[in-house]
Amino acid sequence: MKVKNGFEMQNVCGEHIIVPAGIENVDYSKIISMNPTAAYLWEKVAAMEEFTIDEMVQLLLDEYEVTEDVAREDCKLIVERWAEIGLIED
């Protein structure tokens, strides 16, 4: 998977949001607020050429005190949501 071009994370009034960048992506229904954990993952995977759920799980395990099962389930849900709204692609 990889993050689609044209989206960037910004901090607006203490909230992490993903916004479209560039005229081709001006669709304000795709502005998403992220909790700190999702924002951490976005920052990390956006810097990668491609990423897997296993890599995301490892990022959470390295940063947070969480079990692998919980991290994996959270990452699956995040990936499903990001794919659903068109932020990532295979």
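# Briefing: three helices and five strands in a predicted model

Read along the sequence, the protein follows the pattern β-β-β-β-α-α-α-β. It has three helices and five strands, where helices (H or I, at least four residues) and strands (E, at least two) are DSSP runs numbered from the N terminus. This is a predicted model, in which local features need pLDDT of at least 70, side-chain atom pairs count only at pLDDT 80 or more, and totals for chains, interfaces and linings use all residues. Residues are numbered from 1 along each chain as its sequence is written, and side-chain values use heavy atoms, with hydrogens and water left out.

**Overall composition**

- Of the 90 residues in the protein, 33% are buried; buried means under 20% relative accessible area, exposed means over 50%, and partly exposed lies in between (1.4 Å probe, protein chains only).
- Among contacts with a separation of 6 or more, 42% are between residues 24 or more positions apart, a contact being heavy atoms within 4.5 Å.

**Helix 1 and helix 2**

- Helix 1 (residues 36–46) and helix 2 (residues 53–63) have axes that come within 10 Å and cross at roughly 125 degrees; axes are lines fitted to C-alpha atoms, for helices over the stretch in contact, and angles run from 0 to 180 degrees between N-to-C directions.
- Helix 1 and helix 2 are therefore oblique to each other, given that angles under 35 degrees count as roughly parallel, over 145 as roughly antiparallel, 65 to 115 as roughly perpendicular and the rest as oblique.
- The crossing of helix 1 past helix 2 is right-handed; a crossing is right-handed if the near helix is turned clockwise from the far one by less than a right angle, and left-handed if anticlockwise.
- Helix 1 contributes Thr-37, Tyr-40, Leu-41, Lys-44 and Val-45 to the contact, and helix 2 contributes Met-56, Leu-59, Leu-60 and Glu-63.
- By class, this contact of helix 1 with helix 2 has six nonpolar, one polar and two charged residues; Ala, Val, Leu, Ile, Met, Phe, Trp, Tyr, Cys and Pro count as nonpolar, Asp, Glu, Lys and Arg as charged, and the others, Gly among them, as polar.

**Helix 2 and helix 3**

- Helix 2 packs with helix 3 at an angle of about 125 degrees, and their axes are 9 Å apart.
- That angle makes helix 2 oblique to helix 3, and helix 2 passes helix 3 in a right-handed crossing.
- On the helix 2 side, the contact is made by Ile-53, Asp-54, Met-56, Val-57, Leu-60 and Leu-61, and on the helix 3 side by Glu-68, Ala-71, Arg-72, Cys-75, Lys-76, Ile-78, Val-79 and Trp-82.
- The residues of the contact of helix 2 with helix 3 divide into 10 nonpolar, no polar and four charged.

**Helix 1 and helix 3**

- The axes of helix 1 and helix 3 come within 12 Å and cross at roughly 70 degrees, and the two helices are therefore roughly perpendicular to each other.
- From helix 1, Ala-38, Leu-41, Trp-42 and Val-45 meet Cys-75, Ile-78 and Trp-82 in helix 3.
- The contact of helix 1 with helix 3 has seven nonpolar, no polar and no charged residues.

**The buried side of helix 2**

- Met-56, Val-57, Leu-59 and Leu-60 are the buried residues of helix 2.
- They cover an arc of only 155 degrees around the axis, which puts them on the same side of helix 2; the arc is that of the directions from the helix axis to the C-beta atoms.
- The buried residues of helix 2 pack against helix 1 and helix 3 (68–84).

**Individual residues**

- Arg-72 lies in helix 3 and is partly exposed, with a relative accessible area of 24%.
- Leaving aside neighbours within four places in sequence, Arg-72 is in contact with Ile-53, Asp-54 and Val-57; the C-alpha atoms of Arg-72 and Val-57, 15 residues apart along the chain, are separated by 5.5 Å.
- Met-48 is found in the loop between helix 1 and helix 2 and is partly exposed, with a relative accessible area of 27%.
- Not counting residues up to four places away in sequence, Met-48 touches Glu-55 and Leu-59.
- Cys-13 is in the loop between strand 2 (7–12) and strand 3 (15–20); Cys-13 has a positive phi of about 55 degrees although it is not a glycine, and it is exposed, with a relative accessible area of 80%.
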